[in-house]
Amino acid sequence: GATIGILGGGQLGRMLSVAAARLGFRTHIFEPGANPPAADVAHHVTTAGYDDIDALKAFANAVDVVTYEFENIPTEALDVIETIRTIHPNREALRTSQDRLTEKTFLEGLDLRVAPFADIASAADLEDAMQTIGTPSILKTRRFGYDGKGQSRLLSADDAPTALEDMAGSPAVLEGFVNFTSEVSVIAARSPSGEVACFDPGENVHRDGILHTTTVPANLSASLRMDAVLMAAKILNALDYVGVLGVELFVTPQGFIVNEIAPRVHNSGHWTQNGCAIDQFEQHIRAIAGWPLGDGSRYADVVMENLIGDDMDRVPELAKQRDTALHLYGKTDVKAGRKMGHVNIIKR
Ligand code: ATP
Ligand code: MG
Ligand code: MG
């Protein structure tokens with residue numbers, strides 16, 4: 001059988017490996033950290049840094065196709081892999097989505113709405129942006145942010161100096177604060193032949209900057225539901241994308257504003273594991289393996305709740321609940337803010 005190479009051994013790599021195994025594939029994880037969650041379920045693990053050229057070459061040669069579970073893979077590592085194997089989603093998709101400035105510029109170029117934004121490379125840039133974007137606003141590092149990390153909120157111009165200090169010299173963007181009525185996301189997939197399939201949009205609630213719950217169906221009108229799907233398809237096609245993509249949207253009275261895109265399976269798509277015949281992980285494996293996309297239509301109402309840090313104490317209780325599917329990542333050290341697992345609760 002074919003082997004799928006996955007860069008990154010976190011919970012997303014783990015769940016991709018499980019889905020791949022169900023379709024008869026083997027997975028080979030490349031991960032610098034010791035004992036990654038994906039190691040328990042993958043066929044093979046390479047523990048090496050992204051600067052280890054020999055290890056990268058050996059990894060690429062050992063697999064049939066390469067994918068990734070996070071967007072911050074060093075360019076140099078991809079340069080090495082690309083000479084040996086196809087990378088799905090492609091380099092352009094990764095480049096576009098790993099930098100908030102590139103990402104927003106790209107989305108605007110597709111005539112999709114984003115929050116007002118400005119490139120912030122200096123205190124002078126931030127001062128200028130205070131004149132145009134003003135407050136409330138959010139300063140975000142261009143790269144490496146996740147779970148709300150690398151962000152600082154500005155309620156008034158007085159907050160500018162501290163916000164800039166928080167960036168610790170990293171290039172940043174200032175974003176106007178969007179007064180959204182809700183947040184939703186679309187998990188969409190595209191195959192090499194250009195076939196597109198979208199899962200039903202989910203409604204997301206965050207707590208302390210971290211995704212707390214995703215609820216399907218989202219409270220959206222039929223026309224917004226259609227808009228969400230068309231926007232996702234537009235993004236996928238523009239990037240000549242292969243695989244699963246997550247699109248985070250703010251809902252406003254004037255329609256959608258795109259928050260960000262993630263070139264991978266997405267936490268807000270975990271509900272698909274118990275709400276669809278084909279979940280986002282299998283859909284991604286199908287797409288990158290050149291299989292037909294699967295049927296991702298939703299057959300149940302689901303609430304996905306992340307189990308973060310001490311939420312693990314609730315597992316014995318949750319294990320007794322009806323209509324409740326536990327998904328635990330096998331992480332041994334519980335830390336505050338760390339995603340340990342999630343639960344999909346079927347609503348009847
Ligand atoms: P993720 O873990 O989803 O990758 P992230 O660290 O990349 O998150 P964002 O998605 O940019 O961060 O922001 C996290 C949350 O903060 C958003 O889901 C939203 O609730 C809020 N937020 C971010 N930007 C804005 C904005 N411009 N206006 C209002 N709220 C915002
Ligand atoms: Mg993000
Ligand atoms: Mg986000």
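Into which domains is the protein divided?

## Domains and basis of the model

The protein is divided into domain 1 (3–87), domain 2 (116–176) and domain 3 (182–347), with bounds that come from an automatic or database domain assignment. This is a predicted model, in which local features need pLDDT of at least 70 and side-chain atom pairs count only at pLDDT 80 or more, while totals for chains, interfaces and linings use all residues. Residues are numbered from 1 along each chain as its sequence is written, and chains are lettered from A and ligands numbered from 1 in the order in which they are written.

## Contact between domains 1 and 3

Taken over C-alpha atoms, the centres of domain 1 and domain 3 are separated by 22 Å. Domain 1 gives 20 residues to the contact and domain 3 gives 16 residues, two residues being in contact if their C-beta atoms, placed from the backbone, lie within 7 Å.

On the side of domain 1 that touches domain 3, helix H1 (11–22) and strand E4 (65–68) each supply at least two residues. Helices (H or I, at least four residues) and strands (E, at least two) are DSSP runs, numbered from the N terminus. The largest share of this side, 9 residues, comes from H1. By class, the residues of this side of domain 1 are 13 nonpolar, 2 polar and 5 charged; Ala, Val, Leu, Ile, Met, Phe, Trp, Tyr, Cys and Pro count as nonpolar, Asp, Glu, Lys and Arg as charged, and the others, Gly among them, as polar.

## The open sheet

An open, antiparallel sheet is formed by 4 strands in the order E5-E8-E6-E7, where pairing requires that DSSP finds at least two bridges between two strands. Strand E5 (117–120) and strand E7 (151–154) are the edge strands, each pairing on one side only. From one strand to the next, the twist averages 20°.

E5 pairs with strand E8 (residues 172–176) in the antiparallel sense over 4 bridges; Phe117 has Glu175 in E8 as its bridge partner. Helix H6 (residues 123–132) packs on the sheet and touches E5 and E8, its direction making about 170° with that of E5. Axes are lines fitted to C-alpha atoms, for helices over the stretch in contact, and angles run from 0 to 180 degrees between N-to-C directions.

## Surroundings of ligand 1

Ligand 1 is surrounded by 16 residues, the closest being Ala115, Gly145, Glu175, Phe177 and Val178; a residue is near a molecule if its C-beta atom, placed from the backbone, lies within 6 Å of it. The shell comprises 5 nonpolar, 5 polar and 6 charged residues. Ligand 1 lies between domain 2 (116–176) and domain 3 (182–347), because both give residues to its shell.
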